[in-house]
Amino acid sequence: MKQSETDVIVIGGGHAGLEAALAASRMGAAVTLVTLDPAKIGEMSCNPAVGGLGKGHLVREVDALGGALGRIADAAGIQFRLLNRRKGPAVRGPRAQCDRDLFRSAAQDVVRRTEKLSVISGEVVGLILRNGLAVGVSLSDETKLWSRSVVLTTGTFLGGVVHVGEQSWPAGRMGEDAASRLSEQLREASLPLGRLKTGTPPRLAAETIDWDALAPQPGDEEPVFLSFATKRPAAQQISCYIAHTNPAVHAEISANLSQSAMHAGAISGPGPRYCPSIEDKVTRFAEKESHQIFLEPEGLTSSLIYPNGISTSLPLDVQERFVRQIRGLERAEIHQPGYAIEYDYVDPRSLDRRLAHREIGGLFLAGQINGTTGYEEAAAQGLIAGANAAAVALERPPVEVDRATGYVGVMIDDLVWMGVSEPYRMFTSRAEYRLQLRIDNADQRLTPIGIEHGLISAWQREAFAMKQEALAKGRSALREVSLTPAEADAQGIAVRADGVRRDGMALLATPETSFEALESLSPMLAEVSAEIRDLLEIEAQYQVYLDRQANDIARLRMEESRRLPPDLEFGSIAGLSSELQAKLSEVRPETMAQARRIEGMTPAALLLLLAAGEASRRRSATG
């Protein structure tokens, strides 16, 4: 029996596992990454794209904390688009269409260049638990790996079952084995497991598509990247294409719903509401005669096309029939059928904000095992879980991000206090403070946290310091500008004639005023770079709203500091409804801020809770 010891063991080589291993390594921990197939590290198992609305914010935040997803996606990006470009900067989302091979190659290159990170090929069949602590893992070949903490990132492999029509078989994804023995052990250890479902569309052969019949969708001429470090595309840029379903397609699908695994009842777990299968679209939106399909090349040298928008678990013959009724796809050949996959997840309410299990010390969970969906959500969780696993191993303070500081904090807060009823996906609407949580300032919000905990490399620290210095000089130059409304009018700058003198930041806050309009007022302003100008314009436009929001954030931080006694008996608090008593007993909030977010909580109930907490502390103090 072989044995070895390390600081942190990471189980799984997907996006969560990769970021977890890299984060723990950056903090100085010795890390062992265990995965079924090391050649699949960096595999894009679903769509060949990273980012989007809400998701792009997460990628920028991962990048700001020293993570790799943004840089890898930029290195593999073959088309870049900024979604919601016509809306305000707070809700814009960068997205990169990626070459699968380039993405995998870039990810594995990062792994090879990371010090203190070793990769082992093997199947983890169980956690080694001692006195309530996770102290290692057992592999299928009877190897035992010992560690001070363990990060579990199993993706869809934990008890995974693939469904195509009426056929189903155990698999983590098409052509790869599921982690069934580990699932059994977790269930025996009383982890609260449930089932969820996701799906993927069929892959089409590019040479069998009539491209002339489809509308091209080019990328942006001036691309916005996912990493702050990227300045230009690394790969050739191409167009995607748009197709549409039609009534004939919908009729074919409707006539065969009984053969769909999801609709025939073969799958018990709910799927992602915001990324529905084509069967769901046809039934839930029966009034619509057409749905968009985005034909996304899987790479510059790949002959496969990912038809984003027709995820399905119908039988292959039905998939072939409905695909060929789509204009431009009349002769399309399916290289791999679409399928649904059902898998085990752990109720994330069993975790704390470090993504550590509340009952099993040293055990951290990240990614789809926590009920989320998407590369971006997985990577962000992986970084936080890996950093905290290293913090435990190295006896350092925990790494936490609150919901006023990052979408990472919003997501983790939602997961560990609200749980999931379907695969969780990030949206900008989930954040109360989204005007502050923009893609342009992710580094200003989070890189100082990364520096504090040792997550930021020397080159990234230097680049951040230079950017902060340039921003400070730009702000200083703007604040030295001072104009009355009459003086502003003489410069062609329109402001309200209220007699109030305004500095450059206040002038920039007016929609009609650009940085160029102020340039002649100070020689220092002419020296500000285009990148810094854009950032200062956004900052100025949002400042008045952020000032108003400051009181809300201050209240949040105050409530976060008001901790509830860990042994508080919620069920015995007089005046609380039985429903709230039950919810509080299940969630067990640690702070008043967490209690506030429980569904159905009222101001009166919060006052009762606060009083009960203070009374409990007084009783403890008097013995």
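User: Is Arg 148 buried, partly exposed or exposed?

Analyst: Buried means under 20% relative accessible area, exposed over 50%, and partly exposed in between, with a 1.4 Å probe and protein chains only. Arg 148 has 44% relative accessibility and therefore counts as partly exposed. This is a predicted model, in which local features need pLDDT of at least 70, side-chain atom pairs count only at pLDDT 80 or more, and totals for chains, interfaces and linings use all residues. Residues are numbered from 1 along each chain as its sequence is written, and side-chain values use heavy atoms, leaving out hydrogens and water.

User: Where is Arg 148 found, and with which residues is Arg 148 in contact?

Analyst: Helices (H or I, at least four residues) and strands (E, at least two) are DSSP runs, numbered from the N terminus. Arg 148 is in the loop between strand E10 (144-146) and strand E11 (149-152). Contact means heavy atoms within 4.5 Å. Neighbours within four places in sequence aside, the contacts of Arg 148 include Asp 7, Gly 362 and Val 392. The C-alpha atoms of Arg 148 and Gly 362 are 6.8 Å apart, although 214 residues separate the two along the chain.

User: With which side chain does the side chain of Arg 148 make a polar contact?

Analyst: A polar contact is a pair of N or O atoms within 3.5 Å; within protein, one must be able to donate a hydrogen and the other to accept it, and residues adjacent in sequence count only if both atoms are side-chain atoms. For Arg 148, the partner is the side chain of Asp 7, at 2.7 Å.

User: Why does Gln 581 count as buried?

Analyst: Gln 581 is buried because its relative accessible area is 17%.
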